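This report goes through some local features of one protein structure. Please look at the sequence and the structure first.

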Amino acid sequence: MLSRDDLDLPDELYGFGGWLLWLVATRATTLVDRVFATGTARPSRSYGMVESHHVPTPALIAWLLVAAEFGVTPDDLRARSAELTARHKVLRTMVSRAVGEDPRVFKDRWLHDLAVTCELAPEELELLRSSRADGPHPVDAVALRRAIARTLATGRRAPVTSRAAAALHTLPRDLAVFTGRDAELRRVSEVAAACTSAGAPGICSITGMAGIGKTAVAIRAAHQIAPLFPDGQIFVSLHGHTPGVPAAAPAEVLADVLLTVGVGAEQVPPTLELRMRLWRDRLAGKRVLLVLDDATGHEQVRPLLPGTAGCLVIVTSRRRLTALEGATAISLGTLPATQSAELIAALADRFDVGAWDVSDIAWMCGHLPLAVSMLGRQLHHHPAWSPDYLSARLAATSDRLSLLTAENVSVAAAFDLSYRELPADLQRLFRRLSLQPGSDVDPWSAAALDGTLAEDASRGLNALYDHHLLDEPVAGRYRFHDLIREHARTLAAADPAAEREAALHRLADYYLHAACAAGRHFVHHRREIRAAPALPRPPALPDFGTMDDAAAWLAAELPNLDAFVGYAAEHGLPAHAAGIAAAMHGYLRAAGHPDVGIRLHSAAVAAARSAGDRQAEARAVADLAVLQSAKAHLQAGMASQVRALELCRDLGDEAGAAEALWRLGSLQSLTGDYPTATASVSESLRIYRVLGDRLGQADALTNLGFLQYRGDDCAAAVPILTEALSLYAAERDPRGELGALNYLAVVQQQIGHYPAAIASFARALELSLALGDRNAEAAVRTLLGCLQCVIGDVDEAIGNLIRALGLHTQLGNPIGQASALNYLGLAQRLTGRAAAAAASQQRALRIYRSCGSQSGIANALLELGNAQGQVGDYAAAEASLQSALQVCRQIGDVVGQAEALNNMGELMRSRGQASEARSYHERALHLVQEIAAPIERARALEGVGRAYLEDGERLAAHDHLDQALTIYQQLGSPDAGRVRMLLSRSAESHAASR
């Protein structure tokens with residue numbers, strides 16, 4: 001035990017009161033001088049003079065103790081709040097009584113608190129305790145003040161206790177196998193390089209879901225940048241998610257790090273505020289790297305931050321530390337597929353395991369580094385396991401998480417720690433979100449699942465996102481990582497079945513009502529969508545004020561609605577399955593999702609049939625037929641329309657039967673069966689007239705007009721289509737108007753009214769763009785490109801046809817692709833690229849044949865023959881044109897036959913066979929005598945005239961060529977120039993010969 005002499009006390013001092021006052025005065029002076037080293041005044045030297053030195057009085061000592069306890073500045077001492085003044089009175093009384101040997105203050109607790117505040121060592125405290133037994137000794141005030149002054153002047157203090165050895169390099173070992181994260185490591189290095197010159201310490205927050213590898217990245221980064229921080233690299237675990245260990249309190253952490261940097265245990269201050277001040281003091285002016293691993297939140301981290309530049313703090317957390325000011329946020333995602341496979345292979349460390357062998361394994365564990373590492377180590381420790389064996393185990397199990405374990409570490413346990421720290425309402429939301437059959441949620445669908453308001457669900461989703469239990473790949477839409485979803489579903493399975501069923505029913509009602517509200521923007525006139533009145537309506541729905549709003553929601557929810565219709569069909573919700581599919585029909589057509597539509601409507605048909613709902617089945621079958629035809633499944637589409645017609649007739653649904661008839665006629669026309677198609681559409685028109693359904697009449701008239709055109713009666717087609725347009729306009733149906741305009745433009749082109757056709761196409765294109773109907777836009781651009789080729793505007797044609805081909809490809813419309821390719825080949829041939837043209841026609845022909853479109857096959861063969869002839873492959877050209885002629889005869893396409901004959905005539909002329917050429921053109925001329933086909937009539941006249949010229953029959957030649965020129969000029973065709981030049985040269989030659 002130390003004696004008085006060991007403490008080097010002034011000789012004139014004796015007794016407990018004197019020694020205490022001397023220790024407190026000198027220690028408090030030292031403490032306040034250090035704390036307020038940068039202050040504008042030093043209260044410890046501002047009162048009383050002894051031998052030319054300032055010394056504190058008992059009252060001032062009490063103020064110094066207040067300053068130390070409250071961590072206030074000198075200016076605050078001058079301000080003296082009521083709280084500070086009250087505490088000062090207590091401490092002043094205690095110090096005065098101590099000096100006066102008052103036994104009331106000799107209590108260990110007070111003595112201990114005072115000793116800690118003034119940083120007294122245990123030896124000093126023990127000496128004071130023992131000195132109380134010395135009996136009363138009066139204090140010589142003059143001697144005491146002189147001793148204090150002498151101590152301050154000479155720098156003599158009570159002896160400083162020994163300090164613990166500093167441990168300033170405590171980073172854990174770096175991983176031997178580490179893959180990827182290059183961008184994140186570069187970002188940490190950039191912050192480290194910048195923090196030495198900044199006015200504040202650098203902070204990097206590395207956040208991510210459980211098992212994402214936050215600690216590994218932090219340690220790898222810390223080792224890389226360690227040379228930048230020569231004064232120390234300290235690693236601290238905050239135990240935010242350590243099993244069985246509570247999260248570390250900031251005060252406890254500060255005590256630990258103070259000990260780490262060499263502060264003695266007895267010198268660690270008692271309060272959080274004092275420890276913060278001492279910590280910042282010890283780091284001031286130094287370059288230290290501090291890694292704070294597994295933080296629960298910013299509240300745990302903030303007290304540990306250094307106060308000045310030169311230091312860097314790396315924090316890892318499962319929460320997004322959004323309230324940590326000045327921090328550079330680095331959020332870790334899963335590893336890329338190649339890197340996760342490489343990590344498994346590296347950890348397996350086997351000659352027979354490479355990254356390609358384990359790519360399926362990496363995918364099945366969601367590319368999560370913790371899971372990836374566990375599986376890699378399993379392969380290493382089980383030499384008998386092949387990658388295929390492990391992959392099969394993962395694929396066969398219904399609980400992948402059970403296989404993702406290593407000794408006492410498991411992925412499921414890591415997830416569960418994140419889940420357990422959530423409040424009860426977030427735990428419930430977490431479980432219910434996993435019930436979603438689709439891929440993601442928004443606040444509305446989350447609210448439906450949880451039975452709350454969208455505003456509450458939005459806050460809950462954000463909270464789960466902050467905890468890295470959800471991702472937000474698109475603003476406002478959230479999804480699980482696959483393994484977290486599996487864990488959430490495991491937890492949800494423990495909930496009462498009635499609760500799970502109620503959540504899914506709420507989601508079903510929400511999706512049905514929302515799909516109906518959005519789908520109304522894409523509805524054709526008779527398709528007014530209503531949710532079944534017996535189904536509950538959600539408290540609120542998203543705002544679908546515009547078509548763009550509706551389209552955006554439907555596009556975002558398409559995978560979820562697709563999945564939910566299948567779920568509803570299989571789980572006893574037929575009304576929801578059929579209703580959602582019907583509501584989406586118009587959007588699926590307009591946006592070009594025939595594959596999804598076929599799947600949805602097929603599920604709806606099955607659900608309606610199983611429920612015995614024949615009305616819903618009829619609607620679903622009719623919708624299915626439309627999308628089957630869009631995919632060029634013509635036979636399947638016709639079978640579905642026939643089934644819809646049968647159901648509607650059985651139900652006495654005349655309007656439904658009429659719609660099925662005109663749609664059936666449309667499909668029949670694609671196969672070239674124009675008489676049957678005309679009969680179907682005519683019957684549909686008759687029913688609509690009886691019903692007084694004006695828009696139904698317009699639909700039927702549009703199809704009938706097109707059939708008149710295909711039957712080469714363009715004169716009859718024009719008034720029919722004009723009547724349809726009038727009905728659509730009167731009923732304000734822009735979609736119907738769009739379809740009628742397309743057909744009318746084609747007829748106008750056929751009869752040679754090119755300016756009118758251009759105007760009709762322009763209006764149709766305008767409507768398709770306004771409606772956001774990409775299918776219609778693609779169809780208009782295809783037909784417009786064909787017309788532009790005819791009138792010689794080939795550059796514009798190519799632009800429209802390339803755009804159309806792209807749209808048809810994106811929309812999955814094979815017949816549309818073939819049509820665009822067909823006319824693109826025409827444009828390529830007109831610009832001298834015959835080989836490219838032939839390739840385009842071959843592609844078109846293959847598609848048409850796979851779809852069974854006879855009219856398409858004929859068109860492709862006609863253009864293919866022209867292209868083959870242009871490159872000199874006359875035999876192939878003749879074969880193609882003869883095949884086209886045969887198909888046109890089979891389907892009754894007179895204009896197509898005339899075109900094939902004219903093409904054959906031009907081919908014969910190019911081969912020098914004038915008489916054969918004249919024969920083909922004369923046959924074509926005979927065919928078009930009674931129909932409105934001016935372009936083919938002009939071509940036939942020109943061909944016969946050229947043959948006469950070659951035979952020397954100038955008058956007959958000029959008669960035919962003059963007629964051709966007149967038609968070309970009336971049409972505005974660029975071919976007029978060619979014929980005019982031909983006539984001019986003939987006249988010049990005749991004059992010269994005379």
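Which residues do ring pairs link into a cluster?

## Aromatic rings

The model is predicted. In this model, ring pairs join Tyr510, Tyr511, Phe544, Trp553, Phe564 and Tyr567 into a cluster. Searching the whole structure gives 11 aromatic pairs. One of them is formed by Tyr510 and Tyr511, with ring centres 5.5 Å apart and 45 degrees between the planes, which counts as tilted. Tyr510 and Tyr511 are both buried. Another pair, Phe544 with Trp553, is edge-to-face, with 5.3 Å from centre to centre and 65 degrees between the planes. Phe544 and Trp553 are buried as well.

Arg320 lies over the face of Tyr465, at 3.4 Å from the ring centre.

Strand 5 pairs with strand 4 (residues 233-237) through 5 bridges, and the two run parallel. Within this pairing, Ile234 has Leu290 of strand 5 as its bridge partner.

Strand 5 is also joined to strand 6 (residues 312-317), again in parallel, by 5 bridges. Here the bridge partner of Leu292 is Val315 in strand 6.

## Helix 35 and its surroundings

Helix 35 runs over residues 794-811 and has 18 residues. From its first C-alpha to its last, helix 35 reaches 25 Å, close to the 26 Å expected at 1.5 Å a residue. Just after the helix comes Gly812, which takes a positive phi of about 70 degrees.

Which residues of helix 35 are buried? They are Val794, Ala797, Ile798, Asn800, Leu801, Ala804, Leu805, Leu807, His808 and Leu811. What covers these buried residues includes helix 24 (574-591) and helix 25 (594-611). Helix 34 (774-790) and helix 36 (814-830) are also among the elements that cover them.

## Glu863 in helix 38

Helix 38 spans residues 854-870 and contains Glu863. Is Glu863 buried or exposed? Its relative accessibility is 9%, so Glu863 counts as buried. Apart from its neighbours within four places in sequence, Glu863 is in contact with Asn822, Leu826, Arg829, Gln841 and Glu899.

## Cysteines

How many disulfides does a search of the whole structure find? The search finds 0 disulfides. For Cys311, which is in no disulfide, the nearest cysteine sulfur is that of Cys195, 7.6 Å away. The cut-off for a disulfide is a pair of cysteine sulfur atoms within 2.5 Å. Cys311 is buried, with a relative accessible area of 1%.

Cys786 is likewise in no disulfide, and its nearest cysteine sulfur belongs to Cys789, at 6.5 Å. Cys786 counts as buried because its relative accessibility is 11%.

Methods. Residues numbered from 1 in each chain as written. Predicted model: local features only at pLDDT ≥ 70, side-chain atom pairs only at ≥ 80, totals over all residues. Heavy atoms only, no water. Helix = DSSP H or I, 4+ residues; strand = E, 2+ residues; numbered from the N terminus. Expected span 1.5 Å × (residues − 1). Buried < 20%, exposed > 50% of the residue type's maximum accessible area, 1.4 Å probe, protein only. Contact = heavy atoms within 4.5 Å. Pairing = 2+ DSSP bridges. Phe/Tyr/Trp six-rings, centres within 6.5 Å; stacked < 30°, edge-to-face > 60°. Lys NZ or Arg CZ within 6 Å of the ring centre and 35° of its normal.
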